[in-house]
Amino acid sequence: MFTLAEVASLSDIQPTYRILKPWWDVFMDYLAVVMLMVAIFAGTMQLTKDQVVCLPVLQSTVNSKVQPDTSGKADFTTIETTTTGQEEASMRTVSFGSAPTVTPDILLSRATSSQYQPTESGQELKKEQKDSSGRKTNLDFQQYVFINQMCYHLALPWYSKYFPYLVLIHTIILIVSSNFWFKYPKTCSKIEHFVSILGKCFESPWTTKALSETACEDSEENKQRLTGAQSLPKYVSTSSDEGSPSASTPMITKSGFKFSADKPMIEIPSVTILDKKDGEQAKALFEKVRKFRAHVEDSDLIYKLYVGQTVIKTVKFIFILCYTANFVNTISFEHICNPKVEHLIGYTQFECTHNMAYMLKKLLISYISLICVYGFICLYTLFWLFRIPLKEYSFEKVREESSFSDIPDVKNDFAFLLHMVDQYDQLYSKRFGVFLSEVSENKLRGISLNHEWTYEKLRQHVSRNAQDKQELHLFMLSGVPDAVFDLTDLDVLKLELIPEAKITAKISQMTNLQELHLYHCPAKVEQTAFSFLRDHLRCLHVKFTDVAEIPAWVYLLKTLRELYLIGNLNSENNKMIGLESLRELRHLKILHVKSNLTKIPPNITDVAPHLTKLVIHNDGTKLVVLNSLKKMTNVAELELQNCELERIPHAIFSLSNLQELDLKSNSIRTIEEIISFQHLKRLTCLKLWHNKIVSIPSSITHIKNLESLYLSNNKLETLPAAVFSLQKLRCLDVSYNSIAVIPVEIGLLQNLQHFHITGNKVDILPKQLFKCVKLRTLSLGQNCITSIPDKVSQLLQLTYLELKGNCLDRLPATLGQCQLLRKSGLIVEDHLFDALPSEVKEVLNQDTSIPFANGI
């Protein structure tokens with residue numbers, strides 16, 4: 001027999017799971033406990049008191065005659081026994097019918113209790129019977145015990161004997177069915193996580209703070225609505241100027257810009273103070289809720305399991321009710337027993353009484369009543385399960401009651417668990433909804449961000465860039481700290497991978513800010529902030545994955561001078577890009593596009609009249625259509641890098657104001673079209689580096705005004721004399737080719753200041769090279785040069801000399817006569833430098849500031 005504690009452990013669940021136990025489950029648990037008590041009580045009584053009492057059915061009121069025994073004696077024996085008081089009391093209530101005739105075949109004898117008396121006359125027997133009390137039989141006490149035990153199994157119905165055990169088994173099954181979803185491995189882990197997260201969300205200080213601020217916001221809005229206040233704080237996003245954006249980032253459409261006005265965000269003082277530890281815990285909870293939602297919403301196993309166990313309980317109720325009702329009447333006091341042991345007892349039939357019948361019948365009726373109540377609750381549960389779609393859950397009421405209008409609806413097991421929680425207390429769902437809201441999460445991030453990134457910490461991250469400007473780079477933050485806008489002397493602000501960046505009106509304090517970088521950061525701006533950026537911002541860098549990430553307010557910055565767009569602008573997205581709106585950027589001078597274009601968008605010509613520099617870095621995608629370049633008549637600098645060009649585009653020859661052309665990293669093999677550059681009177685810089693050019697045509701002489709020529713990283717083997725007829729040439733770069741000889745005509749380039757021929761096959765330096773007395777940079781590294789002429793001393797303006805990677809044995813001592821050359825500008829092997837005379841080394845090691853000091 002099970003103890004109550006052992007059976008109760010089957011239904012033992014964690015106390016925290018009570019939030020997932022609706023009233024019907026709780027009620028059914030109590031009913032199961034009562035049924036369990038009924039089973040235990042009935043079983044205990046059966047073990048201690050359950051028995052039957054049987055008496056034989058006599059033939060008549062006279063003593064039966066005894067048949068002769070096997071020895072042939074004619075003596076007759078009457079066995080007299082007296083029944084116990086319990087048997088007499090039991091038999092008093094029994095009404096007997098006519099008894100069948102019983103003739104004993106065997107005369108029973110006992111050595112201790114049998115007495116033999118002679119047969120008397122009929123009258124004497126009648127008199128003796130009349131005088132004696134009780135009911136005389138031929139059975140003794142042991143025989144009664146034997147018959148009682150035998151008739152307990154033969155005459156008593158099985159339901160009377162096993163009723164307590166059946167109740168116990170049924171109750172255990174119902175208990176297991178009620179709690180199976182808490183124990184099943186596939187569901188218990190999800191339930192455990194849900195209960196844990198729900199409890200933490202309910203008790204989180206951030207939940208209280210967020211809901212309190214919501215209540216304050218609602219009361220403030222009602223107050224303003226009643227008083228009709230028209231003035232708003234400076235943090236409110238309004239639209240005052242025509243065509244100006246609101247606080248939210250609008251989407252670009254073909255019909256123009258449509259700015260959606262957000263609900264005014266009124267700054268309410270914090271009701272409670274959220275310390276750093278609570279903030280970190282709240283951020284961790286947001287992450288847990290996000291992952292849990294993604295994990296649970298993909299299936300409905302918990303819902304199906306709960307429905308299945310409810311159906312099992314209902315079927316079990318119907319089964320118990322059907323078969324139990326048929327056995328109610330089988331539990332009775334009177335039972336007829338035919339043990340078929342006449343040869344031992346001498347009687348064929350016995351009448352028995354079951355002393356537990358009354359109590360068992362009452363317990364059975366009680367059990368049936370409990371089962372009926374249990375069944376009706378199961379039916380109600382099924383009605384609730386199928387009355388509404390429990391695999392969908394809407395936070396509509398929570399959205400109406402709070403400012404968190406972005407709380408998403410959930411589905412599947414997540415929705416079912418929330419429906420179950422609502423049966424316990426709907427406040428749980430309301431507080432839990434705070435952690436499903438992105439608005440709530442952004443508020444928390446803002447608070448935590450401002451706690452972490454103080455003014456002092458931000459000041460430590462400010463650095464000086466190459467242009468000697470104060471620069472701040474913020475990377476992968478949850479937002480823009482408010483203290484950033486207190487750095488009033490900042491020149492450059494870089495925001496990278498900050499998806500929720502918001503530029504507030506406080507940016508108007510940053511009067512020195514002229515350059516802004518937005519790398520994968522679709523920043524939102526308030527109206528006042530936009531007005532400031534429109535009037536002060538000069539340079540903007542935008543890096544994006546999709547063109548929709550470009551903030552719409554970018555196209556309205558009328559004073560913008562430089563715009564850098566880095567991202568995917570392939571042929572499909574070209575239809576989406578709002579470059580037609582660049583016409584509003586009336587002061588734009590430099591447009592830098594790094595993408596994968598197959599053609600220059602025709603709409604880019606809207607800004608062509610006032611563009612002076614256009615840069616297209618195409619990342620290896622072949623740029624085919626370039627006709628739009630003809631309209632850019634004012635472009636002075638043009639860069640078409642990595643565009644897979646095979647020839648110089650003819651559209652370039654129409655750019656009469658072109659001064660610098662850069663065709664770096666293309667596939668150009670021949671430059672015969674270079675003769676057409678004679679029409680570009682202002683062209684001074686030509687960069688054809690990192691291509692596949694084999695030769696330079698003599699027609700290059702027609703570019704009279706050319707001052708810089710870059711032909712490095714090509715396949716040149718010779719330098720034609722025509723190159724040295726460009727008298728205005730100041731920079732010539734032919735590094736990393738296959739040139740073996742420097743022509744003597746190089747001496748004609750009297751204005752040459754920079755000559756780079758590193759990485760070639762030159763072995764001899766012509767003396768005419770040192771006639772270029774204006775040379776300041778001379779790169780001769782990685783060649784086959786064996787000696788440096790002493791005439792190198794004629795290069796009085798030389799500041800940089802590269803000789804490393806040649807076959808030199810020594811350096812000329814005349815290097816000391818190059819007045820501006822210092823050791824930092826001499827790139828050579830250490831042993832060659834150490835071999836120089838000490839006085840030369842002293843000159844080369846001399847600090848450039850010493851002469852000025854001596855002069856003073």
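## Helix α7

The buried residues of helix α7 are Thr187, Lys190, Ile191, Phe194, Val195, Ile197, Leu198 and Cys201; buried here means under 20% relative accessible area, with exposed over 50% and partly exposed in between, using a 1.4 Å probe on protein chains only. Helices are DSSP runs of H or I with at least four residues, strands are E runs of at least two, and both are numbered from the N terminus. With its 19 residues (185–203), α7 reaches 27 Å from first C-alpha to last, close to the 27 Å expected at 1.5 Å a residue. That expected span is 1.5 Å times one less than the number of residues.

A quick word on the model: it is a predicted one, so local features need pLDDT of at least 70 and side-chain atom pairs count only at pLDDT 80 or more, while totals for chains, interfaces and linings use all residues. Residues are numbered from 1 along each chain as its sequence is written, and side-chain values use heavy atoms, leaving out hydrogens and water.

An unreviewed UniProt entry lists residues 27–47, 162–182 and 364–386 as "transmembrane region"; the positions follow the numbering used here, feature names are shortened, and annotations may be inferred rather than shown by experiment. In the model, 27–47 is 100% helix and 0% strand, with end C-alpha atoms 30 Å apart. Residues 364–386 are also 100% helix and 0% strand, and there the ends are 33 Å apart.

Helix α12 (357–387) meets helix α10 (301–326): their axes come within 9 Å and cross at roughly 150 degrees. Axes are lines fitted to C-alpha atoms, for helices over the stretch in contact, and angles run from 0 to 180 degrees between N-to-C directions. By class, the contact between α10 and α12 has 18 nonpolar, 5 polar and 1 charged residues. Nonpolar covers Ala, Val, Leu, Ile, Met, Phe, Trp, Tyr, Cys and Pro; charged covers Asp, Glu, Lys and Arg; the others, Gly among them, are polar.

Strand β8 (463–464) runs antiparallel to β9 (470–475), joined by 2 bridges; strands pair if DSSP finds at least two bridges between them. Serine 463 has glutamate 471 in β9 as its bridge partner. The two strands form a hairpin with 5 residues between them, and aspartate 468 in the turn has a positive phi of about 60 degrees.

On to β10 (492–496): 5 bridges join it to β9, and this pair runs parallel. Leucine 472 stands opposite leucine 493 in β10.
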